[in-house]
Amino acid sequence: MDKQAVFAQVAHLEERIGELYGELGSLKQKIIELLEENSKLQIENEHLRNRMDRQSGKSGEITVSIGEGFDALARLYHEGFHVCNVHYGSLRTDGDCLFCLSFLRKS
Ligand SMILES: [Zn+2]
């Protein structure tokens with residue numbers, strides 16, 4: 001058995017694992033960015049929908065759609081995203097956010 005060859009193979013494998021680890025990290029970052037972009041679009045969509053409903057002036061439907069908009073934002077919050085003006089759309093990494101909670105309470 002050529003010990004040098006085995007050692008070279010292990011070193012090569014270690015290098016490839018390092019590269020894969022780096023790629024995995026950047027893919028993970030891209031997924032986070034996509035999730036955050038998606039949640040920002042959902043929040044903007046809810047705000048626009050609420051504004052449109054307010055302008056349309058159909059009082060019977062307003063309460064229903066504001067309730068639906070609130071549910072969508074509350075759901076987004078529970079899925080782990082900020083819905084507050086401070087960090088909106090970004091992933092919540094430190095547990096509950098007081099800004100989000102007070103925003104959801106006001107809605
Ligand atoms: Zn927040």
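Q: Where do I start: how many helices and strands does the protein have?
A: Happy to begin there. In this predicted model, the protein has three helices and zero strands. From the N terminus on, the elements run α-α-α. Of the 107 residues in the protein, 24% are buried.

Q: What span does helix 1 reach, and what is expected?
A: The expected span is 1.5 Å times one less than the number of residues. Helix 1 covers residues 3–56, which is 54 residues, and its first and last C-alpha atoms lie 79 Å apart, close to the expected 80 Å.

Q: Which residue caps the N-terminal end of helix 1?
A: That is Asp2, with a side-chain oxygen 3.1 Å from the backbone nitrogen of Gln4.

Q: Which residues in helix 1 are buried?
A: Here is the general idea. An α-helix has 3.6 residues a turn, so residues three or four places apart point the same way. In helix 1, the buried residues are Glu36, Ser39, Ile43, Glu46, Asn50 and Asp53.

Q: And Lys40: is it buried, exposed or partly exposed?
A: Lys40 is in helix 1. Lys40 is partly exposed because its relative accessible area is 33%, and the cut-offs are under 20% for buried and over 50% for exposed. The C-alpha atom of Lys40 is 6.7 Å from that of Tyr88, although the two residues are 48 residues apart along the chain.

Q: Which residues are the protein donors of the zinc ion, and through which atoms?
A: They are His82 (ND1), Cys84 (SG), Cys97 (SG) and Cys100 (SG), lying 2.2 to 2.3 Å from the zinc ion. In sequence, these donor residues are spaced H-x1-C-x12-C-x2-C. His82 and Cys97 both lie in the loop between helix 2 (59–78) and helix 3 (98–106), so this pair ties together parts that are 15 residues apart in sequence. Both His82 and Cys97 are buried.

Q: What lies over the face of Tyr77?
A: Arg92 does, at 3.8 Å from the ring centre.

Methods
Residues numbered from 1 in each chain as written. Predicted model: local features only at pLDDT ≥ 70, side-chain atom pairs only at ≥ 80, totals over all residues. Heavy atoms only, no water. Lys NZ or Arg CZ within 6 Å of the ring centre and 35° of its normal. Helix = DSSP H or I, 4+ residues; strand = E, 2+ residues; numbered from the N terminus. Buried < 20%, exposed > 50% of the residue type's maximum accessible area, 1.4 Å probe, protein only. Polar contact = N/O pair within 3.5 Å; in protein donor to acceptor, adjacent residues only side chain to side chain. Donors = N, O, S within 2.8 Å, 3.2 Å for Na, K, Ca; no water.
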